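This briefing is for a reader meeting the structure for the first time. Please have the sequence and the model open while reading the points that follow.

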Amino acid sequence: MIHVEGLTKYYDDFCAVDHIDLDIKGGEIVGLLGPNGAGKTTTLRMLTGYFQPSMGDIRVKEFSIHQDSLAIKRLIGYLPESAPLYKGMIVYDYLNHVASIRGLENGAKQRRLAELADMCGLREIMHKTIETLSKGLKQRVGLAHAMMSDPEILVLDEPTSGLDPNQIVEIREIIRRIGEHKTVILSTHILSEAEATCDRIIIINRGKIVADGSTQDLTAQQGREKQIQIGLLSASAEAVTAQIGAVPGIMRVEPMASQEDNLLRVNVICDAQTDARADLYAAIKATDWILVEMSRETQTLETIFRELTREN
Ligand code: ATP
């Protein structure tokens with residue numbers, strides 16, 4: 001659906017987006033994740049045709065951003081970070097106005113407004129003035145605006161920024177529902193946001209893509225290892241290192257200092273693909289050591305994000 005090649009944006013001599021290559025399939029919900037200043041908004045503005053790239057190409061279906069930016073704009077609904085709404089207008093009048101600008105008339109217009117009211121949960125607020133709405137409700141009006149022409153692709157820049165936890169969940173649910181039938185690209189610097197809403201996460205740092213995949217893919221790609229901590233009574237570090245080190249999938253055994261007499265704590269490093277807990281237990285059971293602790297730490301998206309964007 002979307003093919004991006006060598007996408008680059010310079011602001012004077014500062015490179016904000018640096019040779020990004022990307023393919024997005026129809027129906028994906030993609031999260032562009034990165035710290036402040038990573039280049040997310042700049043990338044989205046180029047994708048939506050609001051900025052011309054300094055270099056590179058964006059193709060949406062059969063259209064290129066250089067020759068057919070209007071056709072691309074028609075395929076994409078865009079909700080910028082601060083949705084520009086006419087604050088003094090009634091929600092219904094505002095959406096009616098947007099529908100007219102988009103060329104909808106009479107029956108088609110009324111049908112679309114009713115669909116959007118249901119889709120974005122606006123039924124109760126259609127007759128309220130926009131400026132009296134909470135930020136979460138304003139965001140829903142912005143979403144309805146972006147969805148007016150029933151675009152195939154929806155691009156959302158930080159859609160939950162500044163919302164309270166209940167509003168975040170509500171907007172996420174609407175995005176998920178929309179994503180059942182559309183391609184959605186959203187930017188966020190909130191990890192839980194990307195994890196909860198997106199099928200695929202692209203981590204961007206200093207204008208470059210540094211990771212791309214599902215949460216599981218990313219943890220598998222980046223998480224080269226998992227750690228299991230165990231605590232044993234009546235065991236020596238040497239014997240434990242030898243016995244546990246021989247278990248399949250175990251890469252290293254690191255004895256740790258313990259405050260408690262007679263308790264030996266060890267950190268067992270396993271490869272990311274192996275769940276070694278059952279084999280570890282069997283290896284310990286074959287001895288006269290007493291197992292008093294076992295806990296597993298996996299690499300989370302948060303640790304991956306911090307590793308990949310640490311210099312920021
Ligand atoms: P945030 O999460 O803070 O919105 P972002 O990932 O969306 O950040 P961008 O807004 O794309 O990042 O900015 C990328 C870099 O480009 C930043 O260093 C920013 O200061 C710079 N930048 C953005 N817009 C302009 C502009 N119009 N002129 C000059 N520099 C800009």
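The model shown here is a predicted one.

**Ligand contacts**

**The shell around the ligand**

- The residues that surround the ligand include Tyr 11, Phe 14, Pro 35, Lys 40 and Glu 158, together with Asn 36, Gly 37 and Thr 42.
- Strand S2 (14-24) and helix H1 (40-47) each supply at least two residues of this shell, and the largest share, three residues, comes from H1.
- Sorted by class, the shell around the ligand holds five nonpolar, five polar and two charged residues.

**The largest pocket**

- The largest pocket contains about 460 Å³ of space, and of the 20 residues that line this pocket, those closest to its centre are Tyr 50, Lys 73, Ile 76, Tyr 78 and Arg 102.
- Helix H2 (69-75), strand S6 (76-79) and helix H5 (135-147) each contribute at least two residues to the lining of the largest pocket, with S6 giving the most, namely four residues.
- By class, the lining of the largest pocket consists of 12 nonpolar, five polar and three charged residues.

**Aromatic pairs**

- Three aromatic pairs are found when the whole structure is searched.
- In the pair formed by Tyr 11 and Phe 51, the ring centres are 6.3 Å apart and the planes stand at 80°, so the pair is edge-to-face.
- Because Tyr 11 lies in strand S1 (residues 2-11) and Phe 51 in the loop between H1 and strand S4 (55-60), this pair ties together parts that are 40 residues apart in sequence.
- Tyr 11 is also one of the residues that surround the ligand.

Terms used:
Residues numbered from 1 in each chain as written. Predicted model: local features only at pLDDT ≥ 70, side-chain atom pairs only at ≥ 80, totals over all residues. Heavy atoms only, no water. 1 Å grid on protein atoms, 1.4 Å probe; cavity = no way out; pocket = protein on both sides within 12 Å on 5 of 7 lines; lining within 4 Å. Points joined across faces, edges and corners; volume = space filled by probe spheres on them. Nonpolar A, V, L, I, M, F, W, Y, C, P; charged D, E, K, R; others polar. Near = heavy atom within 4 Å. Phe/Tyr/Trp six-rings, centres within 6.5 Å; stacked < 30°, edge-to-face > 60°.
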